[in-house]
Structure formats: C-alpha cells, structure tokens
Amino acid sequence: MKVSVIGAGTMGAGIAQIAATKGHNVCLYDSFDGAIDNAKNKLNKILNRLVEKERITDEQSRDILGRINFTEELDAIKESNIVIEAIVEDLEIKKNVFSKIENIVNDKCIIASNTSSLSIASIASACKNTERVIGIHFFNPAPLMPLVEIIPAVQTSENTIKNARAIIDSWQKTTVITKDTPGFIVNRVARPFYGEAIRIYEEGIADFATIDWAIRNIGGFRMGPFELMDYIGNDINYTVTETVFAAFYYDQRYKPSFTQKRMKEAGFFGRKSGRGYYDYSLENKPKANEDRELGKKILWRVLSMLINEAVDALFLNIANKEDIDLAMTKGVNYPKGLLAWADEIGVENVLKQLEDLQEEYGEDRYRPSPLLKRMVKENKTFY
Ligand code: NAI
C-alpha cells in the first residue's frame, strides 16, 4: 500500500513515521522551504532514540526511513491508496490543496484530513468526487497516542468509512467514529477540563497549583488542567476553545476565558515560551494548598461538567457511548471513561451538582443535558 502525507510538520511527520513503521511505502510532501529537511532530521533523531532504547534495531530504523520518500513534488503522491493531509489549519488553503490532490491521484484513493477544527464537509466540497473524502484525526504525538477519530462528512460513502477505518485499525490504533461537528469527540467533551478549572481560579476559590493538585491527586488525571494547558500551549488551547465556541453559535457552555486570552496575548504560552500559568525558570513549583475538602469540591465541579458534556454528546448522537468513553481514555488519557464514571458516582448526584450550580449562577453554562435528566427520572445507568 502507498500512503501519502501532505505537510511535514509535527503531525505529518508523525503520521508518516507510523505508516512507514507498518511497512507501507510513504510519500511525505511539503511545499515550504526547509520543511522537508527538518522533518527528515527530526525523524532521524526519533528513530535513533528508539534504537538506543532498543525498541527497534538499527536495520529496522534504516528500513523505516528508506520507505519514506521525502519530497517537494506533489506529483509524487500518484498511485497512493490513501492521502492524509496535515497542513496549516486554514480552510481556503486546505480546499485548494484538496482539489490539487484529487487531480493527481486515481479514483479509488481515499483523501483524508487531519484537521482538528474545520468541518470535513467544507473541505470535501473542494473535490469533484466528495464520497472519498473523510476526516482522520490523530492526536499529538501521533506515534504514541492510541486514539484516532474517524469523521465521515455528509458526503462520505460507507465504503470510504469502512476502508479508512480498516487502514487505521491495521496500524493498531483505537478508532472511534464521530459526527462531523465542532471539536469531534475529544476537543468538544474536554472543554470544561480547561474552562471550568479557569473559572474556579477566576472566582478566587483556589490557585493554579491547588487546582492541578486536586485534579491530579484526587481525580487521578495524569496532569492538572493548568499544567496541561502550559504543555499544549495557551496559544493553541485558547484558539481551539474560541473556534469551538464560535462554531457552536456561541453556546455559553463553551465560552472562552479572559484569563487564558491574556496569557496568549502576553506570550505566556507555557513550557515552550518558558512561562505560562507557571514560571518554568523557577526551580521550585508553587505549593498547592492540600486541603482535601477543597480539593474534592474542585474535582467534583470540573468532573460533573465533563460528564455533562459526555452525556450531551451521547444525547446528540455525536458517537456511541463506548466510543465517547474510549475517546477520552485513549485520546487524552483520562483515568476512566466519563459515562462509566457517571455510573460509578450516580447520575442523580451529577445532575444535582449541575442543578445547584445553575441555580446559584443563573448561567446557561451549567444547564444539564436532557439525557442526564431523563436517566435520573428513569433510574437508568449507561452500562
Ligand atoms: P505544523 O505547523 O507543525 O505543520 C504544518 C506543515 O504543513 C508545515 O511543515 C508547513 O510547511 C506545511 N504546509 C503548510 N501549507 C502547506 C501547503 N499549502 N502545502 C504543503 N505543505 C504545507 O502543524 P501541525 O501541528 O502538524 O498541524 C497540522 C494539521 O494537523 C492541522 O490541521 C492541525 O489542526 C492538525 N492537528 C494538529 C494537532 C497538534 O497537536 N499539533 C493535533 C491533531 C491535529
């Protein structure tokens, strides 16, 4: 099989590495000066590290690199079975590239986008044969993160869905099928992890270190929200929030925060800029106030908002319940699936917390999903 990847940046290089490791012939294309050399050097380093760690042999490393054709010629993607686009997140530029791709590959070739936030339907509209266009959304770093969201557009054929999923499954990834709606599963359901944590800070309930401690140590999440935003980058994370908010016709549930906007404006992006919510030039991290009662309150508020998003995604048929839970455990390392977690806590307790918040604040942000109410009324569990 021949796999082509368009855009040799963070995601493109990672996807090319996966495909070449699985034994496919890969064509990695980029049009910008130096991008191809960068990708080649980066992949070389990554593979050398894997050899050092004895995950692969020297020979395997050479074979993997040998299977990748690094190119600045788009014509090299000819005869691909699948093309995965991972260029800049800009609809007009993506559409332009899609129509060029379609003119080079044969009729059977699947053309996929790795977009995080654009609609697959709008990208597909640039093609004549829209049935073969689909979203295939990897997570960063692509070779390490097991989850891949498969996003059929309204135009996509059943055959394309089946074949695209089979290819990604054969790469030993966990695939979930999601509707072509803003943020797909993960970037939609995860919004309150950041938003509600920031809100708790803005209200003066606790500082960054304490909120992170509560979510990490009491909740069992691998990272606290502020550590994670600093890791992702406040520029990127804020933009995702703003995009999702606008795409949902300004639903208050997804409202971005001034706190993070100012971080972005100040250039306090996080780890990559040396400063975000935390100052990475300091030897010691600020100390959390390890008050368990306070910690539980913080966790409970963030968790009930996350569960509400997961329930609402199910209510609106964004994906099935198994896929919603898998997406959060395999895509962002949550300690448990949110719907399974809801069963464990009791849906009536989650509903009560949301109703209390909505009553206290009078904000639509806290409105419980109709499905949550229905489940409580009917005394049901998710599993
Ligand atoms: P990046 O900036 O690291 O890489 C983009 C690459 O595309 C660059 O090498 C650039 O030279 C190239 N490029 C730009 N315009 C091009 C064109 N017209 N033709 C050919 N090459 C072109 O970006 P990154 O982070 O890899 O993101 C790529 C895509 O993947 C975006 O759609 C993004 O939303 C999505 N994505 C990003 C994730 C992340 O965490 N970085 C996670 C999942 C998806």
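**Exercise 1.** In which helix does I123 lie? Decide also whether I123 is buried or exposed.

*Solution.* The model is predicted, so local features need pLDDT of at least 70 and side-chain atom pairs count only at pLDDT 80 or more, while totals for chains, interfaces and linings use all residues. Residues are numbered from 1 along each chain as its sequence is written.

Step 1. I123 lies in helix α5, residues 120–124. Helices (H or I, at least four residues) and strands (E, at least two) are DSSP runs, numbered from the N terminus.

Step 2. A residue is buried if 20 or more other C-beta atoms lie within 10 Å of its own, exposed if 12 or fewer, and partly exposed in between, with C-beta atoms placed from the backbone. I123 has 25 C-beta neighbours inside 10 Å and therefore counts as buried.

Step 3. Leaving out residues up to four places away in sequence, I123 touches K94, K95, F98, S113, T115, L118 and V133. Contact here means C-beta atoms, placed from the backbone, within 7 Å.

**Exercise 2.** How many residues surround the ligand, and which are the closest? Sort the shell by class.

*Solution.* Step 1. The ligand is surrounded by 23 residues, with G7, G9, M11, F32 and N140 the closest. A residue is near a molecule if its C-beta atom, placed from the backbone, lies within 6 Å of it.

Step 1. At least two shell residues come from each of α1 (10–21) and α4 (91–104). The largest share, three residues, belongs to α1.

Step 2. The shell holds 12 nonpolar, nine polar and two charged residues. Ala, Val, Leu, Ile, Met, Phe, Trp, Tyr, Cys and Pro count as nonpolar, Asp, Glu, Lys and Arg as charged, and the others, Gly among them, as polar.

Step 3. N140, one of the closest residues, is joined to P141 by a cis peptide bond with omega about -5 degrees. P141 sits in the loop between β6 (133–138) and β7.

**Exercise 3.** Into which domains is the chain divided? State how many residues are in contact between them.

*Solution.* Step 1. The chain is divided into domain 1 (2–177) and domain 2 (188–377); these bounds come from an automatic or database domain assignment. Their C-alpha centres lie 30 Å apart.

Step 1. In domain 1, 10 residues are in contact with eight residues of domain 2. On the side of domain 1 that touches domain 2, β7 (147–152) and β8 (174–177) give two or more residues each.

Definitions and conventions. Two residues are in contact if their C-beta atoms, placed from the backbone, lie within 7 Å.
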